[in-house]
Amino acid sequence: MNDGTITNWQNSALPEWYNKNMKNSADLYEYAKLFAFNKEDSLLDLGCGDATLLKIAAPLCGKVCGVDISDEQLARAKAALADFPNAELVRATLQEIDFPAESFTKVSMRKAIHHLTNHEKSIMIDKVFKWLKPGGLFIVEDMITSFEFRLKDEFRPLIEAEAAEYYGERWESFKDAFFTTMYAELPCDLSKMINRLLHGRFHIKRVNTITCFMCTIISQK
């Protein structure tokens, strides 16, 4: 494990590769719409990367805060948020980060929860519940499969077909990295993630199944 994840985010080449190959601005803007940001909001973005979501949210929210472990990504985030005094960045692992109770109205965790073990996922959900104000939103988007994750080998032809359609011409350039994430890191299936959220006292408002290997879960305290 490196800095709390299998992926070594202190590798200076990795953030640049990720930002080039894995980010999709159109998808991110659609994701941002789910939050319906307003000036009363305080947003926490766990695994904020180069602050693309925070930059969308900062002019719309009262306060935004991003957490990441990559120095390279945080440097990019700092530059992106230079004009927003309501923005804060914190260097920490997902495992060690903590905030006072009821600090935020909305929490985002996009393409980050797969870095956590099943036990750590449950701990994170409990922490987010504590950090949120009553009625606050917690939105997770990640490699969360619509099928039982233990059956991933059987579903691989479907995964490859849907990934090729979803990612288009980018697919071949990071196909190996995609399957490294699926097999070496810690994705999970939708039913288990929902059960964890329910056990953590969240209400499930909506589930968007993007592909058989990716879901967005909108939950509320």
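The model is predicted, so local features need pLDDT of at least 70 and side-chain atom pairs count only at pLDDT 80 or more, while totals for chains, interfaces and linings use all residues. Residues are numbered from 1 along each chain as its sequence is written, and side-chain values use heavy atoms, with hydrogens and water left out.

**The sheet**
- Seven strands form an open sheet of mixed pairing in the order β3-β2-β1-β4-β5-β9-β8, where strands (E, at least two residues) and helices (H or I, at least four residues) are DSSP runs numbered from the N terminus, and two strands pair if DSSP finds at least two bridges between them.
- β3 and β8 (203–211) are the edge strands, each pairing on one side only.

**Strand β2 and its neighbours**
- Because five of the six residues of strand β2 (residues 63–68) are buried, this strand is largely enclosed by the rest of the structure; buried means under 20% relative accessible area, with a 1.4 Å probe and protein chains only.
- Strand β1 (residues 42–46) runs parallel to β2 and is joined to β2 by five bridges, and Ser42 has Lys63 as its bridge partner in β2.
- β2 is also joined by five bridges to strand β3 (residues 87–91), again in parallel, with Val67 standing opposite Val90 in β3.

**Strands β5 and β9**
- Six bridges pair strand β5 (residues 132–142) with strand β9 (residues 214–220) in the antiparallel sense, and Val140 has Ile217 as its bridge partner in β9.

Technical notes. Buried < 20%, exposed > 50% of the residue type's maximum accessible area, 1.4 Å probe, protein only.
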